Amino acid sequence: MNEEAELLPGTLDLLILKAVSLGPLHGYAVLSRIEQISGQRLFVEQGALYPALFRLVRQGLLKTEWGKSENNRRAKFYELTAKGRKRLQEETDWWKRSAAAVTAALAARPQQA
Amino acid sequence: MIAAYLRSIARKFLGRTQIERELAEELESHVQLRADALERGGLDRAEAERRARIEFGSHVRFKEECREAMGGNAIDQGIQDVRFSLRALRKSPGFSLVAVITLALGIGATVATFSVVNTVLLRPFAFNHPEKLLWMYSQRSDNPRTNFSLPEYCDYRDQTTSFEGLAGVASFNPSFSDSGPPERVQGVRMSASSFAILGVRPFLGRTLIAEDDRNGARGVVLISYGLWSRRYARDPGVIGRSVNLNGETREIVGVLPASFALPNLDTEIVVPLQPDADPRRTVRNSFNFLRMVGRLRPDVTAQQAHAELEAIRQNLQRQYPGIYTGKVEITLVPLTEEIVGNIKSVLLTIFCAAGAVLLVGCVNLAGISLSRAAARQRELAVRTALGATRGQLTRLLLTESFLLALAGGALGMLLEVWGQRALLRLVPTDLPRIESFSIDWTVLLFAGALIFFAAIACGLTPAWLLSRSDLRDALVSNGRGSTGGGWQSRLRTWLVSGQIALALVLVANAGLLLRSFVRLSSEQPGFESSDVQTIRFSLPQTGYDDVATIVHFYDQLHSRAAAINGIKSEALISILPLAPKSISFIHFTRPDRPPARPEDTPSTNYRIVTPDYFRAMGIPLLDGRNFTESDDAEHPPVAMISTIVAKNHFPDRSPIGQRILVDDTDGDPRSVEIVGIVGPVKQTNLETPAKADIYLPLRQMPKDGVPWLRNSAYWVVKTSGEVAGVERLLRGSIQNIDPNVAIGAVRPMSEAVAAALAARRFSLFLVGSFAAAALFLAAAGLYGVIAYGIQQRNREIGVRLALGATRATILGMIFKEGAVLLVGGIIAGFAIALALARLVASQMYGVNEYDPFSFAVVGLILSVILFLACGIAARRAMNIDPIVSLRSE
């Protein structure tokens with residue numbers, strides 16, 4: 001069975017927030033981090049990443065700063081803001097609730113009447 | 001909030017390149033980092049970078065998405081809207097062209113009239129705090145606006161405490177010469193304190209200072225901006241130059257600002273009054289030639305000042321009994337009111353008319369865009385379905401109308417800039433302050449505001465309609481667009497009725513102006529203006545000290561004129577008829593009927609003439625005899641009067657052979673015998689009914705009148721038809737006698753009559769054109785709404801025809817709709833016109849501002865034209881083929 005999962009719509013923002021919450025990252029590192037923390041199961045389209053990042057910056061959930069990457073390249077680092085942290089918490093809760101609900105629903109068996 | 005928004009846009013706009021650069025750098029760094037990772041996986045660097053780039057895909061596309069994600073790109077969106085609107089407008093070039101031309105004419109006309117209003121009414125006056133300045137007249141029982149004598153002025157000046165200062169102003173029309181031939185200029189003598197009182201700053205050099213009024217002070221003169229431009233080509237080196245005024249050398253010390261103007265006085269030059277050097281300073285009953293202007297002290301009201309001046313006047317009357325009789329009150333008028341008061345209502349009428357045309361034009365365009373929006377409902381619905389928000393669509397429609405307004409406005413401004421010369425030729429030359437006309441920032445700002453207004457007026461209704469209608473229905477109903485159609489057509493109905501109402505108001509006003517104009521131009525001025533040439537001149541100060549020298553001058557002129565072919569008769573007169581700025585009148589009494597009270601002493605216009613004057617001007621001799629060359633100093637003094645004097649003062653007997661006492665000297669009244677009666681003449685303007693006139697022969701004129709006549713006289717020449725080069729011949733005759741005579745305006749008498757009608761011709765022409773334009777637009781609007789209605793109901797009409805309705809029924813149906821609009825609009829228009837009638841009352845002549853005849857005719861004309869528009873539209877309906885229209889769906 002293929003271990004790669006399709007990225008569910010609406011989850012990209014959540015995953016980015018989660019990835020960045022573990023420490024400031026530049027764009028490319030966000031991709032790798034998501035792959036890493038999903039156990040190499042989720043892959044983000046490179047082109048989709050940047051519009052998402054900019055959107056989150058515009059919403060005030062992320063802030064940016066230019067810095068040096070681990071191999072000494074100039075890169076823009078993304079960091080969670082307080083608002084972003086709060087949003088991450090909310091989204092995580094929402095995800096858990098929905099996932100649990102969907103899981104529960106899927107676990108249902110035909111009832112013996 | 002708006003400010004913050006604008007700032008953020010500005011920041012984004014200014015920071016754009018910065019953002020772009022960062023974006024490019026970030027994406028590039030991403031590629032490099034990815035390449036690093038691939039390189040670690042064993043690829044060589046070049047291959048790693050190539051692979052990284054392929055994986056990442058097109059930069060351009062991501063950049064676009066990123067930009068959008070960054071958001072707030074109002075400018076980009078605006079540019080997009082503009083691009084899109086341009087495309088939409090290009091798709092309907094007919095509409096765009098009509099819209100741009102309509103707006104260009106509307107905006108151009110409004111801006112043009114505004115630029116005149118701005119120059120004449122709105123621009124600050126040359127005076128400091130003009131609202132504190134009062135202009136003064138001495139009121140007599142039979143004339144509210146007469147002048148003061150020099151001693152009288154000095155008394156008021158020295159005794160009043162209500163004013164910071166009181167200045168005396170008198171007209172002064174000397175001959176002016178430097179190196180070239182002498183020229184007769186029209187200016188004023190003003191007390192040197194005037195400029196401090198008025199608060200006028202010079203354009204160049206200085207104004208008058210107290211020193212200039214001192215007895216024996218060096219002669220100085222100020223020249224107007226106009227004279228400076230005309231005669232000296234705006235040479236700043238003119239200051240300090242010596243010129244010759246009436247043979248006296250004076251130094252030009254300053255140039256007045258272009259906006260400097262005084263009521264009913266030309267100010268080409270200004271010289272100091274020098275009251276103490278004037279021989280009249282001590283002559284109590286001397287000539288009244290001064291007007292007064294004063295600046296109120298800050299703590300004094302005009303009423304208080306009036307009360308104080310009145311007290312002084314009564315004191316003076318007690319102090320000098322018999323001298324100031326007849327002067328019953330002092331009239332105070334705000335100076336600015338006195339300068340522009342007469343023309344204010346005329347200019348505002350014209351301005352409002354232009355504004356109304358623009359409004360009607362905008363309403364027309366709104367109507368058309370409304371139909372277009374309805375027709376485009378499907379297109380807009382599809383856009384909505386594809387994700388456009390309602391806000392975006394509204395913005396799109398507004399952008400379209402904004403672009404149209406901008407194009408129209410730009411074109412209108414071009415018209416204004418190109419047409420300003422023509423505009424100035426159209427404007428009556430005696431319009432106060434018009435010589436300082438220019439298109440300034442106020443005009444540009446106004447034009448900007450108009451463009452904005454036009455854009456909103458044209459674009460808002462369709463946008464509003466859009467917000468009301470359900471676009472999904474439009475999609476479902478297959479473009480027949482029935483939803484919103486109700487709103488749309490009702491709105492258009494209202495708009496068209498409004499247009500008709502506005503057009504009616506304009507046409508009614510134009511009609512009233514036309515009737516006034518016709519009445520006025522058919523008024524008999526009392527003389528024949530055809531083939532009469534007039535030349536104003538002034539004699540040099542030296543060599544013409546007594547009556548005999550002036551008579552001698554005229555005798556020479558007379559014999560030279562006799563040698564010119566084609567001259568029928570010619571004469572001299574002190575003041576020509578229809579010379580609004582010149583007044584001269586005297587008091588007279590019938591010895592057998594002295595007035596009950598001294599202030600009831602009657603007055604009359606006073607003219608010095610040579611015998612042929614009445615023949616040259618075609619003024620009929622009604623009784624008695626004409627003056628002859630033998631009515632001279634050797635013979636008993638005689639006079640001629642107009643029928644008005646005869647009617648008012650000799651109701652009991654024929655005045656011929658009667659004696660009257662005329663007060664035309666600085667001394668006591670003298671007795672003259674009436675020898676002839678002539679017809680009445682309108683001396684000041686065509687509007688005012690002819691007043692009393694008295695004529696005295698040149699050879700018997702009193703010595704006191706010499707300086708006055710020397711200063712300004714007219715030579716009137718009646719020719720037999722057109723005489724080639726007559727002006728040159730006449731000028732030559734004068735200059736051959738004495739080259740130092742300053743010749744002023746040479747013009748046919750018919751021109752003077754035309755000038756008396758100029759202001760009315762101007763307003764009639766403009767209001768008339770605007771009314772015609774509004775009528776045309778209203779007709780087009782009506783046509784549009786009817787034609788559109790027919791088009792919308794094509795199918796219905798087809799069905800009706802198929803079911804047996806006759807074409808006449810259909811036509812009746814359409815006309816009924818038109819009639820409803822028409823009647824509604826006309827009733828509303830009459831209501832507005834009647835409500836506004838009072839405002840134009842001052843411009844009426846010989847016709848009531850509620851004139852029922854004019855209103856009836858206007859209503860009729862409007863109805864006929866609008867029904868015609870209706871009929872043309874209906875012809876379309878007649879061409880409907882039921883089969884085709886039913887099949888077409």
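Two residues are in contact here when their heavy atoms lie within 4.5 Å. Keep that cut-off in mind as we walk through this structure, which is a predicted model.

Let's start in chain B with B:Phe260. Setting aside residues up to four places away in sequence, B:Phe260 touches B:Ala126, B:Phe127, B:Met190, B:Phe195, B:Leu198, B:Val200, B:Thr267 and B:Val270. B:Phe260 is also one of the residues with the most contacts inside the largest nonpolar core, alongside B:Phe127, B:Leu198, B:Leu262, B:Tyr613 and B:Tyr695. That core has 129 residues, and its largest share, 16 residues, is supplied by helix α23(B). Another core of 47 residues lies apart from it, with B:Ile567, B:Leu572, B:Val645 and B:Leu730 among its members.

The axis of α23(B), residues 758–792, comes within 11 Å of the axis of α25(B), residues 807–840, and the two cross at roughly 145 degrees. The crossing is right-handed. On the α23(B) side, the contact is made by B:Leu782, B:Val785, B:Ile786 and B:Ile790, while α25(B) brings B:Ile814, B:Gly818 and B:Leu821. Six of these contact residues are nonpolar and one is polar, with no charged residues.

Now let's move over to chain A. Here three strands form an open sheet in the order β1-β3-β2, with antiparallel pairing. Which strands of chain A sit at the edges? They are β1 and β2, each of which pairs on one side only. Strand β3(A), residues 74–80, is mostly covered, with five of its seven residues buried.

You can trace each pairing by eye. Strand β1(A), residues 25–26, is joined to β3(A) by two bridges, and A:His26 stands opposite A:Phe77. On the β2 side, residues 62–68 pair with β3(A) over seven bridges. There, A:Trp66 has A:Lys76 as its bridge partner, and A:Lys63 stands opposite A:Glu79. Strands β2(A) and β3(A) form a hairpin with five residues between them, and in the turn A:Asn72 has a positive phi of about 65 degrees.

Finally, look for the helix that goes with this sheet. Helix α1(A), residues 12–21, lies across β1, β2 and β3 of chain A, and runs at about 100 degrees to β3(A).

Definitions and conventions. Residues are numbered from 1 along each chain as its sequence is written. Chains are lettered from A and ligands numbered from 1 in the order in which they are written. This is a predicted model: local features need pLDDT of at least 70, side-chain atom pairs count only at pLDDT 80 or more; totals for chains, interfaces and linings use all residues. Side-chain values use heavy atoms; hydrogens and water are left out. Axes are lines fitted to C-alpha atoms, for helices over the stretch in contact, and angles run from 0 to 180 degrees between N-to-C directions. Helices (H or I, at least four residues) and strands (E, at least two) are DSSP runs, numbered from the N terminus. A crossing is left-handed if the near helix is turned anticlockwise from the far one by less than a right angle, and right-handed if clockwise. Ala, Val, Leu, Ile, Met, Phe, Trp, Tyr, Cys and Pro count as nonpolar, Asp, Glu, Lys and Arg as charged, and the others, Gly among them, as polar. Buried means under 20% relative accessible area, exposed over 50%, partly exposed in between (1.4 Å probe, protein chains only). Two strands pair if DSSP finds at least two bridges between them. A nonpolar core is a set of buried Ala, Val, Leu, Ile, Met, Phe, Trp, Tyr and Cys residues joined through side-chain atoms within 4.5 Å.
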